Amino acid sequence: MRSFLRTVLVAVGTAVCANSAAADILLLKDGRFVDGREMKRVEGYVEIQYENGVVRVRNDLIETFASDDFAYAPQTDEEKAKFAEGLYPFEGKWLKESAWKKKIQRAVAEKRAEIEEAIAHSEWGNRYEEKSKNFQWHYTVPKDVGEYFKLRCEAYYNKLCKDWKVKRSRKKDPMGMNLYASRREFQRTSGASGGALAYFMFLGSYDLNLYYDRLDTELTEMVLYHELSHYMQKLIDEEFRMPHWPGEAIAEYYGAMKYDPKTKKMATGLLQDGRLAEVHADMKTGKMLSIRDMILKDAYTDYTWGWSFVHFLNEDPKRAKLFKDFFIGLAKGKGVDRTRQGFNLKWVKGTEVLRYFMDVFSLDDEGLLEMEREWHTFVEGLETTSTTGLDKAAAKALQNGYRIQAKRLLEEAIDAGSENPQTFHRYARLVRGKSPTDAVKNWERAIDLDPLVATYYWEMAKTKKKSDKAEGERLEKLALELDPHLSVTWIEVTYD
Amino acid sequence: MRMALATLAYAIVSMPGLTAVHAAASCPAPAASPLPQEVGGFYENKRFGFKFKAPRKWSNVALKTDEAWLAGKYMSDKTYFHTDKDTLWTMEHTPELMVIGFIDENMKKRQEELEEEDSDGVKKTTRIIYNPYKNYEDFLERTYTGGGWFIDDKKTAKVGKLEVTKYQIKVEKLSRSGPKRIITWIYHTDEIDYAMQTEILEDEHKKLSRIIERSYKSFKLIDREGKLPTSGKTHDFITITEMTEGTPKERRTKRMESQELLQRRAIEALPGDWGHERSGDVLLLHHDQEKWAKRLGAHTAVFMKWMEKTFGYIGKGEFVRAPIIRVCNDREEENSFGRGARSGSSWWFSAGGEILTHKDDEGFIGFEVGWVNRRLFGHWMQERDRDLAFAIPQWLSTGLYDYVAGARAKGNKLNFRVDDWDRDEARLAIAQGKAASPRELIKATRSEFRNSTGGFQGYWNRSAQASMLVRYLMSKEANRSKFSKGLLETYMVNLKAAVDEAKKKDNENFKANNNAETEEEEAEQAKARAERWRKKEKELMDDVFFRTFRDWSDKDWDAFEKGYFDWIS
């Protein structure tokens, strides 16, 4: 994802050994910085010295490690031979020491400038403010992360404009896209409440707010596309408020879109693994949902069952066309009974949504039940197989109290090669009671994959403390050094 | 002896920052320190050791009794307005100045452990994790609720000999009352950082910033007197557990101790221009509203007697701690009182401590007295029987709270005003044949009450019907019918018996249903658990219904319903 920041410094890897220096800066590929700590490069890692221990960051996680104080240590036989001749490697060429140093110094200076620029824009008061063709951007993430999302949002906008035959009013300013570098900053600056992942302000020139979750870019994209769908739904008729169903279900369906860098287009029709896991969990406990209930009641199930129904309809081209006619018709079709609601927006009651749906699909009561049976069978047959899907399904299983199932799903995700540190973290938490050694191994793996997450050290400390109190306490302190805001709290009650 | 260990850690809480139960344990003891005063145009706080001149005509606002962070608060004499360009709504805002004291010692405290042993010999260790504000930005992040904010400018300067950090903070997104600005100067000293913070509308920034900065520049350190409000267990706080366990005599003693303690603290922490008085079982604290407070006091005394007379069968003999009602000068002062640092007050409120109110512009018949009645009712019920208070079904709690909201004392009597909207809605539903029968309402679970047909409107309509049904059960007319006479009391007594049984059963079920070893067993148990949760409330409702109405025939129901519908119409 990050391309322009990939530099020669990463390419030369272990060859450039930077010793400790107060001015060391480490930039990770996901945009995080470490600054003001002593750091040194060792084989395969950069080590960051904290008061309570060393944190090792793998080279493949590092975008740039910038330091003025460097030295060259040849590793291979060829390097050693060339070094004996006074030659140093740089971008596939062998240079004399003075030329090599100049090149490195320039590269370090450039990187430092880039990093400092990113730091200078990391507070909302100094955010990046840029325009793309259809959006007004405000962001505190690194510039290339901003570019990444700009590209996708424009492709998304173009696709839905074409599919739905809508376009934005040129009389209004482009919609504001506010991308925050962390959830904490999002909650603080956007004013969003605790549980919100993003929000779309449907008044004025519109405003979309979300945060960049560096641990879960897929989630960030999904949330972004979900909220963006609400904007596109507004463009069907700006005086219309789409009912909860189909509004949220459509948003979930388009939330699963993916960008293809080759074609520069967005693909639709992909599975929402997490939502599918929720529907399957409901099915397991016998909580089946009828089409009628789904349409008549505004409920959370519009995100889960609602998504699965829209997915089901869109899998069949004939039904997909009818469904598009239906939701566009809800906003501006003839023969739909609309009422005025808050902010003087037009709206359609649940009973009328159901009537119109049955009308567009030419269904009577029996036909509706037949469609419902077909939908349920279809959903039952859907399977989650990707590691991401397994991760999400496991997370959902845990949330629903299925610990054994969650353990199995996490093991499958790990066996399938999951590189998601959260997978190992969740697994460690599940097994820490019965297999503390196994739990510690999994936290160590999570830390290897993402060494700057304080929670992993904090949780591992609790288990470690039982066998090695001093080590556990050291890890706790290290966790608090990594994140002074760490407010991890828990309740443990044991009775004999 | 049965041995057990319970280790508890708790969610983020600010200093004194303790658990829900122990929140007030580390409250500072205000009595030990001099109260802030206004002297020669200066606000002087000797406990924190500073003084400053507030903007002219701004008024001093009382601080919470257990306040450990705020050292002063002022409100502007003027209200400003902002009209939103998209919604065209006009909102009002009153500028507010706060002084927050970041005491070095408070900010270092991390955790402590308390060991207790209950009457069964079970040992309990409570680990208290402190999470004090780390600095001003952290304070703002955890307390500010006026909208999304960001630091627009931050710089350091010197004012006199003191190092000062100056902030300009903008509040733009989801900002209540319109875009705002927070101007903050932090005076740094070795022991305490003093943050002076004022929130104003962005539209008024040019006009007000000079006035505010002039006030900030008047800040001076003075000699400190008394104890700083640093944390530490004072050993004079009584927990809910202590007040609900033991013999009736022990419980009564603990509650009386708690009442005495809470009242003493509240009185001692009052600013100079506040007064207090007792009326029957209630303590009233008031600011410039003595007449209103006296009238409210007389009303609440009658109300509390009525509660005893009407619901005396609930938790018979349990001592009800006297509530404390704080009567602020106006709504803005009441709102301002609640803003600022978070502390143990949230517990204190829910445990029947202070009830915040102000003089209602609509007079004694207005919303505020109804609000006080609701809080008094909730407090009394919880003091008498917490389990029962939390188990009252939706139809009954809606009806009872609506009923008491309409109570107003006239001499030694309470008159109950009927809510016109409730009455008209219920009558309309009957006329249209859409009204739920009392039998349906009484059997409805919380979810059925909220989610059955009709959406939001349907919910309000059912609430109106529930209010009228309870009003009927409390009426003289109901007392004349053999079916409805004493029905509410019978229902409450049966509810209590059903709740006690369900609680016992629940504990046994929990132990027996967490032993799955395969995914299939786990899925089965989850299914059973989900079903049980769905059924649990339904079972409770059905159980109470059975206990209360088992001898009723359809004919009896018809007679009861006819009496109710005739009365309502």
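This is a predicted model: local features need pLDDT of at least 70, side-chain atom pairs count only at pLDDT 80 or more; totals for chains, interfaces and linings use all residues.
Modeller: Local features here need pLDDT of at least 70, side-chain atom pairs count only at pLDDT 80 or more, and totals for chains, interfaces and linings use all residues. Residues are numbered from 1 along each chain as its sequence is written, with chains lettered from A and ligands numbered from 1 in the order in which they are written.

Biologist: Why is Ala298(B) called partly exposed?

Modeller: Ala298(B) has 16 other C-beta atoms within 10 Å. Buried needs 20 or more within 10 Å, exposed means 12 or fewer, and partly exposed lies in between, with C-beta atoms placed from the backbone. Therefore Ala298(B) is partly exposed.

Biologist: What makes Ala298(B) part of a helix, and which one?

Modeller: Ala298(B) sits in helix 6 of chain B, residues 290-311. Helices are DSSP runs of H or I with at least four residues; strands are runs of E with at least two; both are numbered from the N terminus.

Biologist: Which residues does Ala298(B) touch, leaving aside neighbours within four places in sequence?

Modeller: Ser279(B) and Ala409(B) are in contact with Ala298(B). Contact means C-beta atoms, placed from the backbone, within 7 Å.

Biologist: How is chain B divided into domains?

Modeller: Domain 1 covers 35-104 + 131-221, domain 2 covers 240-382 and domain 3 covers 420-568. These bounds come from an automatic or database domain assignment. The C-alpha centres of domains 1 and 2 of chain B lie 30 Å apart. Their contact takes 21 residues from domain 1 and 19 residues from domain 2.

Biologist: What makes up the domain 1 side of that contact in chain B?

Modeller: Strand 6 (70-75), strand 9 (96-103) and helix 2 (136-143) each supply at least two residues. The side divides into ten nonpolar, five polar and six charged residues. Nonpolar covers Ala, Val, Leu, Ile, Met, Phe, Trp, Tyr, Cys and Pro; charged covers Asp, Glu, Lys and Arg; the others, Gly among them, are polar.

Biologist: What makes a set of residues a nonpolar core?

Modeller: Buried Ala, Val, Leu, Ile, Met, Phe, Trp, Tyr and Cys residues must be joined through C-beta atoms within 7 Å. The largest core has 107 residues, and Leu26(A) and Tyr457(A) have the most contacts inside it. Its largest share, seven residues, comes from helix 6 of chain A (residues 217-236). A second, separate core of 106 residues includes Tyr216(B) and Val470(B).

Biologist: How much of chain A is buried?

Modeller: Buried residues are 39% of its 496 residues.

Conventions
Two residues are in contact if their C-beta atoms, placed from the backbone, lie within 7 Å.
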